[in-house]
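Let's walk through this model together, starting with its sheet and ending at a helix. Please have the viewer open as you read.

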Amino acid sequence: MNNELPYHPPAAMADFAEVIIPLALPLNYTWAIPEELKASAVAGCRVEVNLGKSKKYAGVIKRVHTTPPEFFEAKEIVNVLDAVPVVFESQLKLWEWMARYYMCTEGEVMAAALPAHFKLSSETILVFNEEAGDDFTELDTEAFLVAEALLLRKELKLSEVQQILESNHVYPVVNRLIQGRICYVWESLKESYSPKKETFVLLHPDYDSEAALEQLLNSDPRLQRAEKQMELLLGYLHFQKTEGIISKQALLKKTGASDTQLKGLADKGILVLEKRAVDRISVLPKDIRINFKLSVAQTAALERIRSALEEKDVCLLHGVTSSGKTEIYIHLIEEQIRKGKQVLYMLPEIALTSQTIRRLQRHFGGHIGVYHSRFSQNERVEIWNKVRDGSLKVILGARSSLFLPFQDLGMIVCDEEHDTSYKQMEPAPRYHARDAAIYFASLFSDCRVVLGSATPSFESYSNALNGKYGLVLLTERFGNIELPQIGIMDTRRYRSKEFADTILFPPLAESIGGALGRGKQVILFQNRRGYTPYQRCNTCGWVPQCKYCDVSLNYHKVYNKLVCHYCGTSYPLMVTCPSCGSHDFIQKQFGTERVEEALQELFPGARVGRMDIDAVRGKHAHDQLIQNFEQQKLDILVGTQMVVKGLDFEHVELVGIVDADGILSFADFRVNERAFQLMEQVSGRAGRKHGTGSVLIQTTQPEHPVLLRVQQHEYRALFDDELPKREQFGYPPYTRLIRLTFKNKIRDVVRDAATWFTTGLQDRYGNYITGPSEPLINKVRNQYLMELLLKLPRSTRLIEQCKKDVLYHVALLHQEKRYRSVVVIPDVDPF
Ligand code: ADP
Ligand code: ZN
Ligand code: ZN
């Protein structure tokens, strides 16, 4: 990390600017600042620059300085686009860190960080905003011309704008049009997201003060003879106190009032009806309302977090499912708002449901903003600006919310910190939002990080055990509800022909029937939609492993072999099980759809919902499904990983894990950690409110050590079981992994390139190299793939050096004619 303070010459003296443009350039270029722009060209502002002969970009000034570039004559900046910087110093530092740590460029980070509206280039297409109307008289002449053209043609390329204005310098005009909402930037790849809208009821701001409200209730003549309306108003005030925001539908249902009575109050200007998206920023009053009491255990945990954070920057809250971690965060957030600081509350994308949002809004009203990759660009820019000017205090968001321009961040909460969706896989920056958040927090004078999980990642847990992080345990569920009883069911008992096609074996089927009979709900978990094939002994459940890598082998259909996808070693197919001597090997694969079918056969009357990527395209469908289940319009929910993300359902009595074998045979060194996390999290959905729930796990390996840990909820013991193996085979937390993926259209070329590259690194890093090998899915979008895994000891200096050497060897590789077109993608901490 670079701790030297950058030198900031007074703006008037700086002749040059280092500018980040949203491309994968290895270095930032320098542009000269013309005299007339010197006052306005400051770090964090966007500038218009030319690159090459004809390309133009809006870039961000990283710093201004006085050193002319050594090897070329700097071109001049064309324009400064922002009067106030779009990002602060801390964002620029985060980008720099991310680029270096994750081996990409600052331009790539910038492209991921900024909403599209801030990114302009020659290829940008402007789209007319139909809500802008057609009255452009307020605009200046140039903007007016472009707006008229947009109204007519609906879409314009920036090059066309240049023609219209007969000028090359159109960015400032375009910028004004975007800010004035006349047009927006078209993004080809993003599907547009139309949020679900509902009508909400609010008290008119005139009655925000106690006095005005009292006057209204006691002596307003408009209410004197309107008893029904008065009743409705009192009902509204009551629900608003207890629930925060209240929808029209809920209000009418709860008070039994009619539409007309509500309309009466609205016409009088006492209540306001507002149609808006559930997760949009709203005009909710910015109040803090903590109307619940922490339990004794929660209070103690909160106190321990506070004191841990006095000494450490990060604290891990390890709290069992349903222990009320959210309630603890709420207290921590409250504290920060009262101090006038900002808070980032990160959670996995899929957990960002209206259920969670409502829960937070209930306590913080208009202090809460939601930042979502699916929001429209306008909405994103709106939040961006409110975070930047400090008017929005709490942001609830998925991993990309880390890029928001926080001014004065006091805390980052990273909920479900073990969740793999914090890691961005594609494209660069391939960052892990939890780890980047810890770095980001260190840039503020007094910002702490709270990581929370019922099943912490082994990285975080070992950091907590070795004293780097504070560690706070919360071992009881809220309301002293027991953790669910976990039954392990040996499906080998049903190996006869009769059960050949059975998916839900009799004990599970009976339990489902029982729960439904009691009017309770059931969740069935089936991992992914079919998984990568593997071989498994049908008698004892044994799965062949690689002897070098400690991972399950994949079954390669084409070659009829077993292959380790880490090191590439191949093995013959198993004929005799070394564990029990049986010859009976099988592969059984099925997805959620099959489970759904099986349910329909067994329980034709049951209402079944399915939650997997296919079934819930779009966030809206996902929310709807959750809501239907919440309101008991569904009896059974069948789902993949999606059902485990922080959902809180009251009436779930039974959770079934349909095929634990599939989970336990993942070809991944983390298989046991992940399997435990998954099963513990799914189990956590059972019996959250009313009495103990139960969980049934179907497996052919009832004595599998991980299942026994799950049964006893023994996270710590699992951690202790697993760590020695991590050390022995050189995996995190003992090492840092870097995976290099090679891509090319020609298979031989990519294979040879990977070998050539590996040979180059052999001398220095031979001990740390695994592979190269061909991944199981070896062809993606017409490109063949090869992979190389580096397992580096945790020495910062060695890792930094290795990253440099890798990049250097990529450059060398590209100097070889045959390998010029081979793409090499580094991924740091890939799993
Ligand atoms: P976790 O995130 O730890 O799984 P939650 O925060 O979802 O647990 O809490 C589980 C349930 O218990 C939620 O319905 C929550 O509203 C309720 N709950 C937790 N703590 C309290 C409290 N102090 N007062 C009232 N309800 C609580
Ligand atoms: Zn066997
Ligand atoms: Zn191997």
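What follows is a short tour of strands, cores and one glutamate.

This is a predicted model, in which local features need pLDDT of at least 70 and side-chain atom pairs count only at pLDDT 80 or more, while totals for chains, interfaces and linings use all residues. Residues are numbered from 1 along each chain as its sequence is written, and side-chain values use heavy atoms, without hydrogens or water.

Begin at strand β28, residues 652-657 (strands are DSSP runs of E, at least two residues, and helices runs of H or I, at least four, numbered from the N terminus). Six of the six residues of β28 are buried, meaning under 20% relative accessible area with a 1.4 Å probe, protein chains only. Strand β20 (residues 521-525) pairs with β28 in parallel over five bridges; pairing requires at least two DSSP bridges. Strand β29 (residues 694-699) also runs parallel to β28, joined by four bridges. Within β28, Val655 stands opposite Ile523 and opposite Val695 in β29.

Next, look at the largest nonpolar core, which has 146 residues. Such a core is a set of buried Ala, Val, Leu, Ile, Met, Phe, Trp, Tyr and Cys residues joined through side-chain atoms within 4.5 Å. Trp95, Met98, Ile412, Met679 and Phe742 touch the most other members. Apart from this core lies another, of 25 residues, including Ala58 and Val161.

Finally, visit Glu459 in helix α16, residues 458-465. Glu459 counts as buried because its relative accessibility is 17%. Beyond neighbours within four places in sequence, Glu459 is in contact (heavy atoms within 4.5 Å) with Arg670, Pro732 and Pro733. The C-alpha atoms of Glu459 and Pro733 are 5.3 Å apart, although 274 residues separate them along the chain.

Key. Chains lettered and ligands numbered in written order. Buried < 20%, exposed > 50% of the residue type's maximum accessible area, 1.4 Å probe, protein only.
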